[in-house]
Amino acid sequence: MTDIKAGVNQLFLREEELRTGMELLFYAYREFTAEPDEILAKIGFGRAHHRVIYFVGRHPRITVSELLGILRITKQSLSRVLGELVRQGYIDQTTGVRDRRQRLLELTEKGVELERELSETQRQRIARAYRMAGAEAVQGFRKVMMGMLDEEDRAKFAPPGEARLAAVKR
């Protein structure tokens with residue numbers, strides 16, 4: 001018996017389609033970051049500052065070590081950016097209760113406001129694209145994006161029950 005999937009048209013895997021997908025990612029990223037880049041430039045910050053502010057905002061009391069794991073940058077790079085954000089009052093840094101070596105990070109009110117300002121146009125852009133594409137396309141987009149992640153990062157986006165199962169299997 002023949003495999004039905006073998007007969008499925010896979011034109012999307014041709015070189016030109018793959019290159020078009022890559023190009024679309026570059027263009028989309030350019031548009032996604034353009035407005036926040038303008039806001040950041042006015043205060044002397046760059047994209048690294050934005051990423052730190054975003055993830056500290058998403059994960060209050062995140063440790064420096066956990067943030068390094070998400071960003072996959074050097075300690076030296078993070079130290080420079082984080083130092084500026086702390087000195088200018090965007091992030092508070094406290095010592096861990098159980099482990100005094102830990103540094104826990106949290107946005108200040110000023111940091112929350114900046115994160116909101118930076119993310120608002122991005123949320124609007126994604127919401128507009130999602131509405132235009134429809135639910136089925138959004139699910140397809142999510143599958144494509146998940147497929148681009150490594151296994152460790154994919155597990156972070158699994159539904160809670162599946163994430164626990166993946167952690168047990170390790």
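**Entry 1**

I started at Arg125, which is partly exposed, with a relative accessible area of 27%. My cut-offs are under 20% for buried, over 50% for exposed, and partly exposed in between, using a 1.4 Å probe and protein chains only. I am working on a predicted model, where local features need pLDDT of at least 70, side-chain atom pairs count only at pLDDT 80 or more, and totals for chains, interfaces and linings use all residues. Residues are numbered from 1 along each chain as its sequence is written, and side-chain values use heavy atoms, with hydrogens and water left out.

Which side chain does Arg125 meet in a salt bridge? I found Glu35, at 3.8 Å from N to O. A salt bridge here is a side-chain nitrogen of Lys or Arg within 4 Å of a carboxyl oxygen of Asp or Glu. Arg125 sits in helix α5 and Glu35 in helix α1 (residues 15-42), so the pair ties together parts that are 90 residues apart in sequence. Glu35 is partly exposed too, at 34% relative accessibility.

**Entry 2: Other salt bridges**

I count 10 salt bridges in the structure. One of them joins Asp37 to Arg47, with the closest N and O atoms 2.6 Å apart. This pair links helix α1, which holds Asp37, to helix α2, which holds Arg47; the two residues are 10 apart. Asp37 has a relative accessible area of 24% and is partly exposed. Arg47 is also partly exposed, at 33%.

Next I checked Arg72. Its side chain meets that of Asp150 in a salt bridge of 2.8 Å, N to O. Arg72 is in the loop between α3 and α4, and Asp150 is in the loop between α6 and α7 (151-156), 78 residues apart. Asp150 counts as partly exposed because its relative accessibility is 32%.

**Entry 3: Positive phi**

Most residues other than glycine have a negative phi. I noted two residues for this entry. Arg72 has a positive phi of about 50°, although it is not a glycine. Its loop runs between α3 (64-71) and α4 (75-87). Arg61, also not a glycine, has a positive phi near 70°. I placed Arg61 in the loop between α2 and β1. At 41% relative accessibility, Arg61 is partly exposed.

**Entry 4: The sheet**

What is the strand order in the sheet? I read it as β1-β3-β2, an open sheet of 3 strands with antiparallel pairing. The edge strands are β1 (62-63) and β2 (91-95), each pairing on one side only. Two strands pair if DSSP finds at least two bridges between them. Strands are DSSP runs of E, at least two residues, and helices are runs of H or I, at least four, numbered from the N terminus.

I then went through the bridges. β1 is joined to β3 (residues 103-107) by 2 bridges. Ile62 has Leu105 as its bridge partner in β3. Between β2 and β3 there are 5 bridges, and these strands run antiparallel. Thr95 is partnered with Arg103 of β3.

Helix α2 (residues 47-58) lies across β1, β2 and β3, at about 95° to β3. Axes are lines fitted to C-alpha atoms, for helices over the stretch in contact (heavy atoms within 4.5 Å). The angles run from 0 to 180 degrees between N-to-C directions.

**Entry 5: A nonpolar patch**

I found a nonpolar surface patch made of Leu25, Ile126, Tyr130, Phe141, Val144, Met145 and Met148. Together they have about 620 Å² of accessible area. α5 (109-133) and α6 (135-148) are the elements that give two or more residues to the patch. Which element gives the most? I noted α6, with 4 residues.

Patch residues have over 30% relative accessible area and no salt bridge; nonpolar side chains (Val, Leu, Ile, Met, Phe, Trp, Tyr) are joined within 5 Å, like charges within 9 Å. I looked at Met145, which lies in helix α6. Met145 is partly exposed, at 32% relative accessibility.

**Entry 6: Whole chain**

I logged 8 helices and 3 strands. Along the sequence they follow the pattern α-α-β-α-α-β-β-α-α-α-α. Buried residues make up 22% of the 170 in the chain. The accessible surface is about 13000 Å², with 56% belonging to carbon and sulfur atoms. I note that areas come from the Shrake-Rupley method with a 1.4 Å probe; for residues, only the protein chains shown count as cover.
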